[in-house]
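This briefing concerns the pairing of charged side chains in one protein model.

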Amino acid sequence: MVDTLRTRILIVLGLILISTMVLGLTDVTNFLGLDIVQLDFQGAGDEEINVSLWDNSHAVNVRINLLGLLSDWITAQFYNTTITSPVNAQYITSSKWLISDTSWGIYLVNPQGGVYDSYSGTNMFDAEWITDDKWFYVDQNNGKVVLFDATTDTELDSYIGLTNPEAADYVSDTKWLIADTGADIVRLIENGIETRTYSNSIQQPVGASYIDDEEWLIVTKAAPLGKIIHANSTSNTLIKQYASLSSSVRSVDRVIVGTDEYWLIADSTMGVFLVNMTAGSDVFPNKVLASYTDTDAAYDARYISLDDWLITDKNGVKRVQEQKKYYPTDLNLTIDGAEVWSMNGALKTQIEINDTTFANALSNEINEYLQTCIPTNGNCTIPFVFHSTTPGVLNLSNLNISVDRKPTVVITAPTNNMNWSGNQTIQWTTTDDDNDTLTTNVYYWNTTGWELIYSAAQAAGAHSYFWITANVSVPNMNNASKIMVNVTDNYAPMVSAVSDVFTLDNTLPTVTVNYPNGGEFLGGVQTIFWNATDNIDNNLVISIEYSPDNGTTWELINASTINDGQETGDTTVGTDSDQAIVRINATDNAGNMQSDVSDDVFTLDNTAPIVNLMSPQGYQNSIPLNFTFNVTDNLITNLTCYLYTDESGVLQNVSEMNVTSGTTNFFTHPINDGFYNWNVNCSDGLNSDFALTNWSIDLDTQVLAPTFFPNVTITTTAETIQARFDEVVTLTYAMFDNQLINMTTVDNQTFTYNANNLGNGNRNLIINATDNHSNSDQFTNIYLVSIPSNNPGGRPGGGGSCIPSWSCTPWSICSEEGKQTRSCVDLRKCRKTYNKPAEEQTCMYVPIREMNFTTEETPGGENLIEEEEEGEEIEEGMESITGGLTGGFLDTTGGKVAAGILLILVIAALTVIVRNAVLKKKAKINIEPPKEQ
C-alpha cells in the first residue's frame, strides 16, 4: 500500500514564469507551483516530489510553505478537461482513463493532462477499453452496441435493434452482455446471435456484468427501490441481491479479494459505497465497509483497491483515496540526499522554510544537483524528499524558486583539425534565456597559457572576431592550437567553451620541378618529376599545369594529386609546342601555396609528319623507278623517311634518306617486273607515319622467258612439248626443227605441241611471244632426243646379252597435282631396266573438257568400238612410220633395197608392239559375264 501511494504522490511540479522581480535582481526569474501538492505518509517513511527546472538554471533563493493535516478522503487525481457530461470512466493505469461523455463522446485521457485519443458522438454509454486501438461502447441514439477500431474510427462489429440501451459488458470480440433499458431485458449475444436472456422481475436495467454464461450481475433502477441482482439466466432465478434506499442506483463493480466478494456501488443520490456480499443478499446500509459521499451525482464507480476508487459524477472523474488520521511528525527535507531542513514533533500548523533561515542551504543543494544532472528534454528533475516518523498528510504550497538561467556559448570556428593561416575569423554563438547582457572574453592557447585576444560586452547571439594569425606570438603549431570563449551574465557562474584543436601554419611549402626542366623533346606517355616539402604538412596537395607558350597561358593537367614526386600521363592531351614549360603547385592544409616552373622551354610533339605520295602509280614500263613524295611536319625541320615495298611478299623498308620538312623528294630504287605496293614513312624523331594509303604499280618492261617441258632427254619418237609463261602472251610464231608449227593453248600461258617422228639428236624449238604491254621477245629451247636401239648381234638364249627394247604409251593428261605418267614395256622381255625411259614427269595442269565415249558390247562382252579404234591407232602408226621411212635418206633410188629390208624389220617389230598393246588394252576392259536367261 505504501509503494502504491508513493507512486501516486510523485508529482512533477509544473513551473511557470511569472515575474522578473525578486531580491532586486531584474534578470532573476521566479517559479511557482500552480497547485497545492499533498503528500500522504502511510506510515514512517519518505514521500518525494520532483521539481523540474531548466538544466541551465542557477537557483538564487528558495521558499516553501508547509502545512500538516489530519488524514481523510482526498482526491488523488481529478479530470474534467474536455468533458461536460461524464457518465462512466474506466481505470486502466494511473495515467490512462477511458471516459464516456454523453454530450461529446469517448475520451482516452491522461488524468495528469492530455488526451491520447477520442471519438465524437452523443449519448454514448459504458465505454470499455480493450486496447488503445479497440474500444467497446453503447450507442443509445442508434440503439446498438459497437466494437470500435479507435485507430481508423470505424466499427469492427455491432449489435442493433435495442431499445434505449445504457450498459453492456464486453466478454470477447464475439460475446457481449447487453442491458436493454427500454426493453427491460438483459441479452447475451454471441457471434451476433442472442443465445440467452434474463428479464424476470427487472425494470430499467442500467448495468450488466458477466460472471459466466449462466450468471450475471444486473443493475436495475426501477422505483421505488433500485437494486443489484445476481441472477441465473438458465434457471431464470435470483441468487442474491443488494437493495438501495433510492431508485437512483447507477452501477456496480464486482471484485473478489481472497475469499471475499465486494460490490462497489454508485448511487447518484447517496454517493459511492463498498459492501461485502460474501454472505449473500442485503439492503443498504447493511454490510457497508466504506463510503464516499462528496459527490454531486455519482454515475459510476470503479474499484482500484479497498481505499482507492475511481468515481464519475457530473462534475468530472476523480480518483479518491482514504487517508489515515495522523499529523506528520519529526519531518525533515533532503535534496539529492543532503539534508537542508528538519523539525521535531508533529506539524499541526503552517510554517515556511527558506534560504534566509537556513543560510542558502536549499539553493546551494539545488545548484550542486544542477551541475551534475543529466537533463531530459532540456530539464533537470530535482528530488525533494520529505521524511515523517508517523502517518499523516503534508500540504506543500507557495514553492518559490528564484533562478537566473545561465548563458551558453558554442564555438563554431575553428573546428576539429582545422588548418588556419593568414587572416581567419573566430566564430561563436551565445544564448541567455533571461536576455542578460553578457561579458565575453576570447583567449588563444600559446602552449604555456591562455592569451587574451578579444573582450567585449554583448547581447546573446552569433559573434565573430577577425584574427590576424601572423601576429600570434607562437605560430605554426601542428594540432595544438585552441581557442577559449568565456561568458558571464554577472549572476550565474561563468561558462566557457574551448574549441577543438587546430593547426596554425603561416609557412609556405617548398617545391622544385625536376623534369622536364628545359631542352627535352617529349611526346606520348611521359612522367613529370618534382620535389615538394612542408614544415608541418606531410600530405601536400599537388596540382600540375602545362603552358605551350612559355607561361602566357596555362592548361590544367591534374587539379589534385598526392605528393609522391611523380605524375605519369598521356601528353597527347596537351598542345604541341616548342615553347613548353610545366608548373608544379604545392598547397598545405592551411592553404599556403608555393609554385615552381621548368627552368627552360622544352618541345612537346605528338603530331607525326604528313606524307603525300606523288609518283609512280599504275602501269610502268621503264626502269629505274623514282618514288617521289612530299612531307611536312608541324615543328621539326630535319626528318628521316623510309621507302617501303612489298617486293619480298610483305611491305617492308628497302631504303631511307634524310629530308627537309616541306620539300619534295624521291627514292631511286631498282625493282624487277611485277605488281607491287609501295609507301613512304617519315619520322620527326618522336612521331612517324605513312601516307594515308599504299600506292600500287604494275611494272612490265619485258616478256619473261618461259619454262620448257619436258626438261629431260626424250627417249621416244613422239613427245608432247610445252612452253609455259608466267603471264598472258600471244605467240607470234613457233618453229620446231626449222619448221613452222601451230602450238595450242587454252589460257595463253601454256602452249603445247605434239612432236612425232623424232630421231636421235638435238631438236630446236623457237618461239616469239608478245605480252599485253607490247613487249616482245624470242626464246629458244633445245630438246635432246636419244632413242635406244636393239643390239643386232645376239638373240635370247644364244649366250649374248639381251638389250631391252622399250615401248612407251603416250603421256597422260596433266593431273591437278601437276604430274604426267606413262607405261614403258620391254618388247624383248629381257627382264632388265637398262635404259628404261622415265614413266613420270612434272607438268602444268590446264583444265580441259572431258570427252564421253559411248561403247557397245558384243554378246561376248568385248568392246568392238575400242578394238576398231585400237586398230586405227596401229594403222595410223604404221602410216607414220612408213611415211617417215620413205622420206629423208631412204627416198632415193639407191636406197630402196635397204629401205625394203628395214621396212620388213619395222613391220615385224610393230606387229609385236601392236599385239601386246591390244592384249594390254583388252586386259583393262571390264567384261561382264552373260546374263542368265
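This is a predicted model: local features need pLDDT of at least 70, side-chain atom pairs count only at pLDDT 80 or more; totals for chains, interfaces and linings use all residues.

Side chains of opposite charge can pair when their charged atoms come close.

- Glu 261 and Lys 240 form a salt bridge in which the closest N and O atoms are 2.6 Å apart, and the pair links distant parts of the chain, with Glu 261 in strand β25 (residues 260-267) and Lys 240 in strand β23 (residues 237-243), 21 residues apart.
- Both of these side chains, Glu 261 and Lys 240, belong to buried residues.
- Arg 187 is joined to Asp 180 by a salt bridge whose closest N and O atoms lie 3.4 Å apart, and Arg 187 and Asp 180 are both buried.

- Arg 763 and Asp 737 meet through their side chains in a salt bridge with an N to O distance of 3.1 Å.
- Because Arg 763 lies in strand β70 (residues 761-771) and Asp 737 in the loop between β67 (729-736) and β68 (739-740), the pair ties together parts that are 26 residues apart in sequence.
- Arg 763 counts as buried because its relative accessibility is 15%, under the 20% limit for that class.
- Asp 737, in turn, has a relative accessibility of 30% and therefore counts as partly exposed.

Key: Residues are numbered from 1 along each chain as its sequence is written. Side-chain values use heavy atoms; hydrogens and water are left out. A salt bridge is a side-chain nitrogen of Lys or Arg within 4 Å of a carboxyl oxygen of Asp or Glu. Buried means under 20% relative accessible area, exposed over 50%, partly exposed in between (1.4 Å probe, protein chains only). Helices (H or I, at least four residues) and strands (E, at least two) are DSSP runs, numbered from the N terminus.
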